[in-house]
Amino acid sequence: MLEFAQFLALVRSTAMILDDIRVVLVNTSHSGNIGSAARAMKTMGLSKLYLVDPACEIDSHASALSAGASDVLGNAVIVEKLEDAIADCALTIGTSARSRTLSWPMVEPRECGEKLVAEAENGPVALVFGRENSGLTNEELQLCNYHVCIPANPEYSSLNLAMAVQTLSYETRMAFLNKQPKQEAQDDTVYPNSKQTELFYDHLEETLYNTGFIIKQHPGIVMTKLRRLFNRARPEEAEMNILRGILTSINKSIPK
């Protein structure tokens, strides 16, 4: 088991992975989409936003829709070309639809998150989103190592920009969390021993006789099924004490 200090150190080092994952929006036309994308990023722990030749400014509407992610907006990097946004990235994944004629290595959203997190251990990586109405051009897609497509309902695959950012940011966060050092939780649960369990079954059987639920001459398999039920549930010692208290209460209420 990791010592707590070692555990914290590992958490801090792995947390730096998210700082090397940048979200790149190309030629975004609505400021509200930029704000909503920033909100989607921040909820998943991503903070590096790059804007390529935005067709709008980061205005009050963007700030309002960011819902508290104004720091992501405030630190956004604005560049003229996609090449500038990804120049130092060893891995770039562009969002695309499968229907494109351009043949390129495709990854699913889950694999996309895993690749981004794995590569971010060594340096900056980028997840690129295209224009609201037309996505990325073939030339822009060719700057990416992989393309990712969100497998939405083919009969209604209408995802807006912020939804797409949220979906892929979520997959990225899940991949990140799976790499977190696991500290085994100490289980302090106290379970009844065999003798306590058998006393409970005796108490239960006696109560069922007293209520007339089962008959001594014809017990059937009720107790066998109840044993199986409670063995499957595995009540804790405190829970079993409650159950025995209930049985005692029932027995007291039965006319002698």
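Predicted model: local features only at pLDDT ≥ 70, side-chain atom pairs only at ≥ 80, totals over all residues.
Residues are numbered from 1 along each chain as its sequence is written, and side-chain values use heavy atoms, with hydrogens and water left out.

**The sheet**

Let's start with the strands. Seven of them make an open sheet with parallel pairing, in the order β3-β2-β1-β6-β4-β7-β5. At the edges sit β3 and β5 (106–107), each pairing on one side only. Strands here are DSSP runs of E with at least two residues, helices are runs of H or I with at least four, and both are numbered from the N terminus. Two strands count as paired if DSSP finds at least two bridges between them.

Take β4 (residues 91–95) and β7 (residues 146–148): they pair in the parallel sense over three bridges. Ile93 has Tyr146 in β7 as its bridge partner.

**Salt bridges**

A salt bridge here is a side-chain nitrogen of Lys or Arg within 4 Å of a carboxyl oxygen of Asp or Glu. By that rule the count comes to eight salt bridges. Among them are these:

| Pair | N to O distance |
|---|---|
| Lys48 and Asp19 | 4.0 Å |
| Glu111 and Lys115 | 3.9 Å |
| Arg131 and Glu140 | 2.7 Å |

What does the bridge between Lys48 and Asp19 tie together? Lys48 lies in strand β2 (residues 48–52) and Asp19 in helix α1 (residues 4–19), so the pair links parts that are 29 residues apart in sequence.

Glu111 and Lys115 are both in helix α6 (residues 109–120), four residues apart, which means they are separated by about one helical turn.

Are the two partners Arg131 and Glu140 buried or exposed? Buried means under 20% relative accessible area, exposed over 50%, and partly exposed in between, using a 1.4 Å probe and protein chains only. Arg131 is buried, at 18%, and Glu140 is buried too, at 13%. By contrast, Lys48 is partly exposed at 34%, as is Asp19 at 39%.

Glu140 belongs to helix α7 (residues 138–141). Glu140 and Gly94 are 46 residues apart in sequence, yet 8.3 Å apart in space, C-alpha to C-alpha.

**Surface patches**

Patches are made of residues with over 30% relative accessible area and no salt bridge, joining like charges within 9 Å and nonpolar side chains (Val, Leu, Ile, Met, Phe, Trp, Tyr) within 5 Å. Tyr170, Met174 and Leu177 form a nonpolar one, with about 240 Å² of accessible area together; such areas come from the Shrake-Rupley method with a 1.4 Å probe, and for residues only the protein chains shown count as cover. Tyr170 sits in helix α8 (residues 161–178) and is partly exposed, at 38% relative accessible area.

A patch of negative charge gathers Asp53, Glu80, Glu83 and Asp84. Asp and Glu count as negative, Lys and Arg as positive, while His and the chain ends are not counted. Each charge is placed at NZ of Lys, CZ of Arg, CG of Asp or CD of Glu. Glu80, found in the loop between β3 (77–79) and α5 (82–86), is exposed at 66%.

**Two positive phi angles**

Asn27 is not a glycine, but has a positive phi of about 55°. Asn27 lies in the loop between β1 (21–26) and α2 (31–43). Arg234, also not a glycine, has a positive phi of about 45°, and is found in the loop between α10 (222–233) and α11 (237–253).
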